[in-house]
Amino acid sequence: MTLASLGLTAGQERLYRYLLRQLRADLDRAAADVHMPEAHAVLAELVALGLVDGTLTAVPPAAAVDLLAIARRGWWPNDRRCGVDDR
């Protein structure tokens with residue numbers, strides 16, 4: 001299954017899958033291994049999507065699918081832009 005149908009680019013998916021396999025990843029090594037000079041920018045996008053944390057740990061695939069589906073719908077819990085009041 002590809003995550004492109006949920007909005008990931010090919011580069012985002014390639015780096016995400018690499019980080020899933022590497023428990024103690026180093027970003028420079030990841031960039032070399034997946035032939036991605038723009039890995040720092042792609043990582044920032046994955047972090048913004050909630051798919052990778054600051055320790056370069058990727059969330060499990062099931063959680064990634066859920067997060068991407070929610071983002072695709074434009075809805076996040078307690079998000080005032082979506083009409084949800086968290087008071």
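Guide: Arg-17 and Glu-13 sit 4 residues apart in helix 1, about one turn of the helix. The model is predicted: local features need pLDDT of at least 70, side-chain atom pairs count only at pLDDT 80 or more, and totals for chains, interfaces and linings use all residues. Residues are numbered from 1 along each chain as its sequence is written, and side-chain values use heavy atoms, with hydrogens and water left out.

Visitor: What makes the meeting of the Arg-17 and Glu-13 side chains a salt bridge?

Guide: A salt bridge is a side-chain nitrogen of Lys or Arg within 4 Å of a carboxyl oxygen of Asp or Glu. For Arg-17 and Glu-13 the N to O distance is 2.8 Å, so the pair meets that definition. Side chains of opposite charge can pair when their charged atoms come close.

Visitor: Why does Glu-13 count as buried?

Guide: Buried means under 20% relative accessible area, exposed over 50%, and partly exposed in between (1.4 Å probe, protein chains only). Glu-13 has 9% relative accessibility, so Glu-13 counts as buried. Arg-17, at 34%, is partly exposed. In the protein chain, 32% of the 87 residues count as buried.

Visitor: How many salt bridges does the structure hold?

Guide: The structure holds 2. Asp-33 forms a salt bridge with Arg-29, where the closest N and O atoms are 3.1 Å apart. These residues are 4 apart in helix 2 (residues 27-33), about one helical turn. Asp-33 is partly exposed at 34% relative accessibility, whereas Arg-29 is exposed at 53%.

Visitor: Which residues does Tyr-18 touch, not counting those up to four places away in sequence?

Guide: Tyr-18, in helix 1, touches Arg-29, Ala-30, Asp-33 and Val-34; contact means heavy atoms within 4.5 Å. Between Tyr-18 and Ala-30, which are 12 residues apart along the chain, the C-alpha separation is 7.3 Å. The relative accessible area of Tyr-18 is 6%, so Tyr-18 is buried.

Visitor: How do you know that helix 1 is roughly perpendicular to helix 3?

Guide: The axes of helix 1 (residues 10-21) and helix 3 (residues 39-49) come within 10 Å and cross at roughly 80°. Axes are lines fitted to C-alpha atoms, for helices over the stretch in contact, and angles run from 0 to 180 degrees between N-to-C directions. Angles under 35 degrees count as roughly parallel, over 145 as roughly antiparallel, 65 to 115 as roughly perpendicular and the rest as oblique. Helix 1 is therefore roughly perpendicular to helix 3.

Visitor: Which residues in helix 1 meet helix 3?

Guide: Gly-11, Gln-12, Leu-15, Tyr-16 and Leu-19 do, against Ala-39, Val-42, Leu-43, Glu-45, Leu-46 and Leu-49 in helix 3. By class, this contact has 8 nonpolar, 2 polar and 1 charged residues. Ala, Val, Leu, Ile, Met, Phe, Trp, Tyr, Cys and Pro count as nonpolar, Asp, Glu, Lys and Arg as charged, and the others, Gly among them, as polar.

Visitor: How many helices and strands does the protein chain have?

Guide: There are 4 helices and 0 strands. Helices (H or I, at least four residues) and strands (E, at least two) are DSSP runs, numbered from the N terminus.

Visitor: Where does His-35 lie?

Guide: His-35 lies in the loop between helix 2 and helix 3. His-35 has a positive phi of about 55° although it is not a glycine. Most residues other than glycine have a negative phi. At 66% relative accessibility, His-35 counts as exposed.
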